[in-house]
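Colleague: I would like to go through this model and ask what stands behind the labels. Please set each value against its cut-off.

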Amino acid sequence: MVLTGTLVNGLAIVVAAVVGLLVRNIPEKMKTTTMQGIALAVVVLGIGMALKSEQFLIVIGSLVIGGVIGEKIDIEECLNRVGAWIETKVGAKEDGAVAKAFVTATLIYVVGAMAILGALDSGLRGDHSVLYTKSLLDGFSALIFTSTLGIGVIFSAIPVVLYQGGIALLATQINQFVPTVLMDNFIVEMTATGGVMIIAIGLNILGILQIRVANLLPSIVVVAMLVTAMHYIG
């Protein structure tokens, strides 16, 4: 089934988050150190992805244009509102806790090459191995995030399933009208652009900066447009 990998990914997040809720008595110092370790790993992962670019001007241009669009729409605020709405439904001891957990986890699980590449593999080739690997990584981090940030992490499974599922379903038809070379170029530059955003997420978790990463998400769409334009013009 096309959506098998996506559904496994969503289930892994939910199950791990539930376990995380049950082990919330982890010492604060241990939580802090573990979170910092994950954040550093996220930064390293992002750097590795960003360095894959073959035309870094596309990455820069996409981030600039995408950032302008994202700030205009204010995607970050929209996600925060969703998190706040969830917060009113489930209740939270600390204002903004659920929203923060939801937004942070959603961005980490959605912004990245594995989400798109895995979903494309599921749709194009029926190969779910990338998403199965992603499920293991997401599950482990969901356990830690939930024990640290709270119940908001569990709701990140919803956008993950919708996002990856949508890509997988689209991918079943995409090879009929998108040349292989164009798709390969897009994946490379999308990976690099996503890597820059993942670096920003890691810096946010470390508390070094507070970057509105969600407002950079339109950059992925801009990458597709720029790569397509260069493919046909060049």
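**Labels and their grounds**

Modeller: Leu107 touches Leu79, Ile201, Val213, Ala214 and Leu217, leaving aside residues up to four places away in sequence. Note that the model is predicted.

Colleague: What makes the largest nonpolar core a core, and which residues have the most contacts inside it?

Modeller: A nonpolar core is a set of buried nonpolar residues joined through side-chain atoms within 4.5 Å. The largest such set has 49 residues, and those with the most contacts inside it are Leu79, Leu107, Tyr109, Leu120, Phe145, Val153 and Phe186. Helix H9 (residues 180–206) gives the most to this core, with ten residues. In soluble globular proteins, nonpolar side chains tend to be buried together.

Colleague: How do you know that the protein agrees with a compact globule?

Modeller: For 234 residues, a compact globule would have a radius of gyration near 17 Å, and the protein has 18 Å, so the two agree. The C-alpha atoms fill a box of roughly 55 × 40 × 30 Å along the principal axes. Of the 234 residues, 47% count as buried. Among contacts between residues at least 6 apart in sequence, 82% join residues at least 24 apart.

Colleague: How many helices and strands does the protein have?

Modeller: There are ten helices and zero strands.

Colleague: Why is Leu57 called exposed?

Modeller: The relative accessible area of Leu57 is 72%, and exposed means over 50%, so the label applies to Leu57. Leu57 lies in helix H3. Leu57 is also one of the residues in a nonpolar surface patch of about 770 Å², together with Phe56, Ile60, Val64, Ile65, Val68, Ile69 and Ile73. As for the whole surface, the protein exposes about 11700 Å², and carbon and sulfur atoms supply 70% of it.

Colleague: What is the phi of Asp74, and where does Asp74 lie?

Modeller: Asp74 has a positive phi of about 60° although it is not a glycine. Most residues other than glycine have a negative phi. Asp74 lies in the loop between helix H3 (56–73) and helix H4 (75–90). At 28% relative accessibility, Asp74 falls between the 20% and 50% cut-offs, so Asp74 counts as partly exposed.

Colleague: Why is the pair of Arg212 and Glu71 called a salt bridge?

Modeller: The cut-off is 4 Å between a side-chain nitrogen of Lys or Arg and a carboxyl oxygen of Asp or Glu. Arg212 and Glu71 meet at 2.8 Å, N to O, so the pair qualifies as a salt bridge. Arg212 lies in the loop between H9 and helix H10 (218–233) and Glu71 in helix H3, so the pair ties together parts that are 141 residues apart in sequence. Arg212, at 47%, is partly exposed, and Glu71, at 37%, is partly exposed as well.

Colleague: How many salt bridges does the structure hold?

Modeller: The structure holds three. In one of them, Glu77 and Arg81 have their closest N and O atoms 3.5 Å apart, which is within the 4 Å cut-off. Both lie in helix H4, four residues apart, about one turn of the helix. Glu77 is partly exposed at 33%, while Arg81 is exposed at 56%. In another, Asp138 and Lys134 come to 2.6 Å. Asp138 and Lys134 are four residues apart in helix H7 (residues 129–149), so about one helical turn separates them.

Colleague: Are Asp138 and Lys134 buried or exposed?

Modeller: Asp138 is buried, and so is Lys134; buried means under 20% relative accessible area.

Methods
Residues are numbered from 1 along each chain as its sequence is written. This is a predicted model: local features need pLDDT of at least 70, side-chain atom pairs count only at pLDDT 80 or more; totals for chains, interfaces and linings use all residues. Side-chain values use heavy atoms; hydrogens and water are left out. Buried means under 20% relative accessible area, exposed over 50%, partly exposed in between (1.4 Å probe, protein chains only). Helices (H or I, at least four residues) and strands (E, at least two) are DSSP runs, numbered from the N terminus. Contact means heavy atoms within 4.5 Å. Patches are made of residues with over 30% relative accessible area and no salt bridge: like charges are joined within 9 Å, nonpolar side chains (Val, Leu, Ile, Met, Phe, Trp, Tyr) within 5 Å. Accessible areas come from the Shrake-Rupley method with a 1.4 Å probe; for residues, only the protein chains shown count as cover. The radius of gyration is taken over C-alpha atoms; the globule rule is 2.2 Å times the number of residues to the power 0.38.
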